[in-house]
Amino acid sequence: MYGLVDYCGLVSQRMSKHTDAAEVLLERKGCAGVITLNRPKLLNTLTVGMIRQIYTQLKKWEQDPETFLIIIKGAGGKAFCAGGDIRAISEIGNKNQKILQDFFREEYMLNNYIASYRKPYVALIHGITMGGGVGVSVHGQFRVATEKSLFAMPETAIGLFPDVGGGYFLPRLQGKLGYFLGLTGFRLKGRDVYTAGIATHFVDSEKLDTLEEDLSALKAPSSENVADVLETYHTKSKIDRDKSFILEEHMDKINSCFSANTVEQIIENLRQDGSSFALEQLKVINKMSPTSLKITLRQLMEGSSKTLQEVLTMEYRLSQSCMRGHDFYEGVRALLIDKDQSPKWKPADLKEVTDEDLNNHFKSLGHNDLKF
């Protein structure tokens with residue numbers, strides 16, 4: 001889920017007094033560079049201006065000998081980052097392809113930079129974490145979930161696909177869990193975000209402020225020092241400690257049904273399984289964009305053996321193809337604008353999404369490809 005309101009103007013390294021207009025706060029606290037996504041009323045959705053500010057500041061902090069780690073968090077307590085303003089991107093999509101190219105290019109470049117960052121990067125994924133919010137957290141070295149975390153990649157419901165490196169991290173989760181999450185948009189909450197392998201640590205939400213203070217107070221910390229602090233808080237957390245993973249009893253079904261090489265076979269597997277869980281997933285999948293489902297399955301299958309940069313290059317091609325297509329704009333209309341919850345997908349049936357159609361989405365963009 002993405003935003004496209006372009007607020008430029010770089011933010012200085014030290015900003016102890018901020019106006020309400022600052023969409024991202026960039027501060028030095030002790031040994032830490034702290035990034036606060038600051039659009040709480042809009043669930044801290046990312047804009048291209050925010051992406052540029054974060055990227056530029058991360059570059060500075062990586063070179064700064066006084067900055068030893070990065071902490072990124074969301075303001076307001078309800079969301080880390082719900083992705084972005086997909087209404088804005090749909091409104092601008094047919095009018096300015098250049099802005100769409102710049103947005104996805106810069107977002108994916110930031111995702112890749114976070115993955116290769118040379119200093120410890122700690123994302124406090126407290127509250128809603130979806131789409132672009134996953135992109136600025138999951139590729140970092142440390143991801144801290146709380147009992148209020150809510151993770152999802154719901155893009156197939158709006159004619160998109162789980163991007164921001166979803167093709168890299170989703171197929172690397174246990175069994176076929178990532179395929180299930182990417183195709184259905186299933187929501188994981190609380191400690192399940194940690195158990196699934198998306199978060200590296202779990203901390204009580206009421207302890208986040210003191211955790212940040214303890215991390216910032218470290219003296220010239222190494223990654224091991226940061227990990228020790230996080231592990232201490234993780235170990236002390238008792239919330240839902242003995243609760244089993246919400247999908248634990250269904251993992252055999254997920255691994256079996258979602259191991260197929262085609263969406264049609266996955267649907268047939270669910271139908272043949274016939275359990276209430278399988279039939280519920282069948283109902284969910286049947287609401288999704290047929291094109292998005294086929295794109296997503298191939299994206300995850302190919303991404304399972306690609307590097308992150310190769311995945312992001314592939315996803316950039318897919319993003320531009322989706323922006324030229326029908327289903328994204330129709331999905332946003334049906335779910336967010338008219339809210340009739342009845343998107344008219346084109347094609348409307350899986351069998352109408354041909355191999356040729358699919359191949360066209362994955363085609364090289366030549367000199368317009370994403371390059372690192």
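A salt bridge is a side-chain nitrogen of Lys or Arg within 4 Å of a carboxyl oxygen of Asp or Glu. The model is predicted, so local features need pLDDT of at least 70 and side-chain atom pairs count only at pLDDT 80 or more, while totals for chains, interfaces and linings use all residues. Residues are numbered from 1 along each chain as its sequence is written, and side-chain values use heavy atoms, with hydrogens and water left out.

**Stop 1: salt bridges**

The structure holds 14 salt bridges. Select Glu 212 and Lys 29, whose closest N and O atoms are 3.1 Å apart in a salt bridge. Glu 212 belongs to helix α8 (residues 208-216) and Lys 29 to strand β1, so the pair ties together parts that are 183 residues apart in sequence. Helices (H or I, at least four residues) and strands (E, at least two) are DSSP runs, numbered from the N terminus. Are these two residues buried or exposed, or in between? Glu 212 counts as buried at 7% relative accessibility, whereas Lys 29 is partly exposed at 28%. Here buried means under 20% relative accessible area, exposed over 50%, and partly exposed in between (1.4 Å probe, protein chains only).

Next, select Glu 23 and Arg 39, whose side chains meet in a salt bridge (3.1 Å, N to O). Glu 23 lies in the segment before β1 (24-29) and Arg 39 in the loop between β2 and α1, so this pair ties together parts that are 16 residues apart in sequence. Glu 23 is buried, with a relative accessible area of 10%, and Arg 39 counts as buried at 10% relative accessibility.

Then select Glu 302 and Arg 298, a salt bridge with its closest N and O atoms 2.8 Å apart. Both residues lie in helix α13 (residues 290-303), four residues apart, about one turn of the helix.

**Stop 2: strand β3**

Select residues 69-74, strand β3; five of its six residues are buried, so the strand is largely enclosed by the rest of the structure. Which strands pair with β3? Strand β2 (residues 32-37) pairs with β3 in the parallel sense over six bridges, and strand β5 (residues 121-125) runs parallel to β3 and is joined to it by three bridges. Two strands pair if DSSP finds at least two bridges between them. To locate these pairings, select Gly 33, whose bridge partner in β3 is Ile 70, and then Ile 72, which stands opposite Ala 123 in β5.

**Stop 3: helix α1**

Select Thr 56, which lies in helix α1. Thr 56 counts as partly exposed at 24% relative accessibility. The C-alpha atoms of Thr 56 and Val 24 are separated by 12 Å, although the two residues are 32 apart along the chain.

**Stop 4: the nonpolar cores**

A nonpolar core is a set of buried Ala, Val, Leu, Ile, Met, Phe, Trp, Tyr and Cys residues joined through side-chain atoms within 4.5 Å. The largest has 88 residues, and Ile 35, Leu 37, Leu 58 and Phe 258 have the most contacts inside it. Helix α14 (residues 308-324) supplies the largest share of this core, eight residues. A second, separate core of 17 residues includes Cys 31, Val 34, Val 203 and Val 226.
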